[in-house]
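Please consult the sequence and the structure shown here.

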Amino acid sequence: MPRLFKSNKKTLVPSVLNIIGLAAAFAALYVILVQVHHDFTYNKSIKDSDRIYCMMVKDQFSDNNYSCWMNRPISEAIIASSPEVESGGCGYIGDNCPSADIVMEDGRHIEVRIGAFSNGGKDVFGFKLVAGSWDNWIDGNTYAISESAAKRIGVGVGDVAKLRREDWRGLHIDDAYIVAIYEDVPSQSDLASFDMFYNIGKDGLENFSQWSYHYFVKLHEGTDPTDFEDASLPIMKDVWARSNNLDLSSLDKSDKETFDNMVEQFKLHLMKLTDAYFAVNANVPGKTGNRTTTMTLLAIAMAVLIIAFINYINFFFAMMPLRLRSINTRKVLGSSRFQLIMSMVVESVVMNVIALAFALLIVTLFCRSSLASLIDAPLQFDQNWGIVLLTIGSALLVSVAASLYPAIVATAVNPAFALKGTFGTAGKGNLFRTGLIGLQFTVSIVLIICAIFIHQQRKFMLSRDLGFDKEQLLTAMTSPKIGFNRADAEIRLRANPAIKDVAWGDGPFVIDQRMGWGRKLRNEDVHWQCYPVSWNFLDFMGIDIVEGRNFLPADEQSENGVYILNQTAQKMYDIHLDDQIQGHTNSPAEIAGFCSDFNFSSLRDKVGPFALYVFGKKPWRPCMTLFVRTVPGADVPALIEQIRNTLHELDPSIPSDDFDVQLFDQTLQSQYQKEQNLSQLITLFTALAIIISLMGVFGLVMFETERRRKEISIRRVHGATVQQILTMFNTRFVWIVIVSFVIALPVSIIVMHRYLEGFAYRVPLYCWVFAIALLGVLAVTVTVVTLRSLSAVKSNPAKVLKSE
Amino acid sequence: MLKVENLQKIFRTEEIETIALNGVSFEIKDGEFVAIMGPSGCGKSTLLNILGLLDNPTAGHYWFGDTEVGGLKERDRTRFRKGNIGFIFQSFNLIDELNVYENVELPLKYLNMGARERKERVTAILKRMNISHRAQHFPQQLSGGQQQRVAIARACVCRPKLILADEPTGNLDSKNGREVMSLLTELNAEGTTIVMVTHSPKDAAIAQRTIDLFDGQIVNDLKNEL
């Protein structure tokens, strides 16, 4: 048991506070290290990951960016013609894998994530079969399932499961044939983002305009990816020419040059799968992270740890006047300086071991709480032995380092000088402690400012005027049957007095990735994101037409579809109403008008070129995403239930509970999940940092008041009031907070400026945030100091002077 | 100057009740030098604390001048004490973190006196106590005698009507003890009322009057022959 505990009752509370602070800091360090390790090693455990690359081309929607959306004919031709490729093919992995439900016989739904691969794509990742055969894995209804998922669901090879899915085909329940079971894949990889996958088959294999597939290649060992990139260009040109029925040898020099330039815009770019997680300027398949965020979290963990250790060092220094007499008495009695230093270091290590034990408890509780979902990686100790050892090692190392300095200082004092009790008069110890507390406050203030700004940015993104009316709006994915019979559905839904209006779209309205259309305008390539809608969509959403006309009911019967483009597209490509641009058929679609800009993706991105499109009488597929505007004051939960029932009546094959009717705000919030997680994590660790800091201040004030009881009494005897003594104690801490704020101000401005740069639409650096951080820390500090000092100040001075 | 009547002080704990003062009555006139003597635990320091308004009596009356101060609240006692009463302790009770000058200046600060006047007063009193050359030293760097001189300087810097001294020579050698008593005599000669608790008959003999306490009661109250 550390001597600090048993030697003096005065030191018990500060000691316990220190251990709690250290335990919280160690727990935070462990949790964040797990996340950081996850981020830096993501996908690295996939077999041959250093030879696996994502195929990408230049993003046609933004300069200096690469896109992972590939077209199949070109990609397959490159793979087939390149000797550098060991295996290659397409696949949907990571966040692109949709959720689906296995509908059990007893009606239960078990959520699963669905991946997809072509044969070649599957070979890239080297799945090991434990049952079944790849021979039967042939189309969109045949599935390979992971060993653990098969066990969880209770299916085996040859079983047929009912799979409920929502995708571009709408809400549908299909038979899923389990044909293969594969060995579980590494958990911290994109392969773990799905439980089962189907065969993409020949989908899109002949479609040159469909850039909606992710492609992966595994290169032979020793292959330089840039050689492969260069070698792919002639293959690309050849396929492109064939797809456009061009005879390259017959082109004149100018046309040849134009053709070459056009194809070179799509030159292949390879990105290593292991680099994709932190990719910048690239839209990559799979899960992505943000290096700045990861480093920010790491910095926060370090900050929390530093704050805890500052408490610790401060505590040791604060103890010094009390302990000097004992240390030097031992010295006088024959103890060597080395023995004294070692005893203090051992004491420190014991305290840290106790703190580590508490930290294990905190992490265990954290794992069982909802907060664990903020961390991407599993937090269980048995899956993170390396990090457990690293945390323990860091704790012990820093505990030795943190105790060594105070031990050296304490044992260096002249015994005669120390026994006389004059250490406190030198002022150096006080200055050092003050500096350390200042550092704690600086870190805390920076964290508070960051937490408030991240919260404000998220709030701003959710509340900003997006350019359309998102109030009283519900949305739901319906089924193909309902989509093909929209008129019936509208009649039924509009009959509900709580429903003001109904419109339709093709998938979610606000989303970061959607289909891109590349078209020709006056022989130039133009690209935009396209969103097929019902004719009344713009009016429904309150989006203004700035030129031309709105969609008309008759547009739903047009032969070749009708466009309304946003102003950004109009200006970027100088489009006129009479321009001829191909729609979804081979013929030009009418450009009916131009609408004002609105945010169709998250506010991280600027508004780009965008087209709203009415398919006409020959749609690729029906618009199946339902939008419902409720009347003001509608009973939303009841209405959601009514909508579900109506949709079920329209398509009895789907149970009413399977229609996921959501508030539009809910779907919008899911766009900012990453920001929400970051905001929650930073808020959590900021709170932790502040609590630990205040525990340090509390402990220090408590110690100071105990140590200065005599001084307080002398001052009181000589006329000081309670208020004057409290002011004396508070003044010191107020000044520390003010100086810390002055240091924290530029640091937080730089950090937040960099963070907010990641958003095309962002909040300004509000002055009030800085003021709140300062006033908040001041208020809490003054409260803690006052409350802690009050009892000492109110003691009867006569009694204190007698006892001292 | 001050008058106490039937003063009682009882200390109560959960287990025991101790009567520290039991019906103490006396009067001290302006400019008197009174020594209080008695064995340990007879109530000397308790009496001094009550006279110094550091504590309230359990019963009885205490007039400081014309004001009944025995039942004052803590805040009022503090207000009354400031500038009226100076204290000298056996263990000096200087503040370690403040130097000599700052220690002496302390009561003047609590009187909200201007900086210039404070400086004049502190400089003058340090000179008078013959410790000007130690003004920037910290208490631990001084000898016991010097520390007690600083304590006396602090007690009288605000020119109080009453100085209460609790065994002022108890921690000093005889030479320094004599010097301290000589300073107290000087202050008394200048008109300051002094009440001194002491164990030393020799120091008590310097006072004009000696009150003997025993078991919380006055057993003797005699004028000394000077």
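Which residues in α2(A) and α10(A) meet? The model is predicted: local features need pLDDT of at least 70, side-chain atom pairs count only at pLDDT 80 or more, and totals for chains, interfaces and linings use all residues. Residues are numbered from 1 along each chain as its sequence is written, while chains are lettered from A and ligands numbered from 1 in the order in which they are written.

**Helix pair in chain A**
- From α2(A), A:I19, A:I20, A:L22, A:A23, A:A24, A:F26, A:A27, A:Y30 and A:V31 meet A:M351, A:N352, A:I354, A:A355, A:L356, A:F358, A:A359, A:I362, A:V363 and A:F366 of α10(A); contact requires C-beta atoms, placed from the backbone, within 7 Å.
- These residues comprise 18 nonpolar, one polar and no charged.
- The axes of α2 (residues 12–41) and α10 (residues 337–368) of chain A come within 7 Å and cross at roughly 55°.
- The two helices, α2(A) and α10(A), are therefore oblique to each other (angles under 35 degrees count as roughly parallel, over 145 as roughly antiparallel, 65 to 115 as roughly perpendicular and the rest as oblique).

**Contact between chains A and B**
- Chain B contributes 20 residues and chain A 19 residues.
- On the side of chain B that touches chain A, α1 (44–51), α2 (74–81) and α3 (100–110) of chain B each supply at least two residues.
- That side of chain B has nine nonpolar, five polar and six charged residues.

**Confidence**
- Over residues 1–7 of chain A, pLDDT is below 50.
- Where pLDDT is low, the predicted coordinates should not be read in detail.

Note on methods:
pLDDT is the predictor's confidence in each residue, from 0 to 100. Two residues are in contact if their C-beta atoms, placed from the backbone, lie within 7 Å. Helices (H or I, at least four residues) and strands (E, at least two) are DSSP runs, numbered from the N terminus. Ala, Val, Leu, Ile, Met, Phe, Trp, Tyr, Cys and Pro count as nonpolar, Asp, Glu, Lys and Arg as charged, and the others, Gly among them, as polar. Axes are lines fitted to C-alpha atoms, for helices over the stretch in contact, and angles run from 0 to 180 degrees between N-to-C directions.
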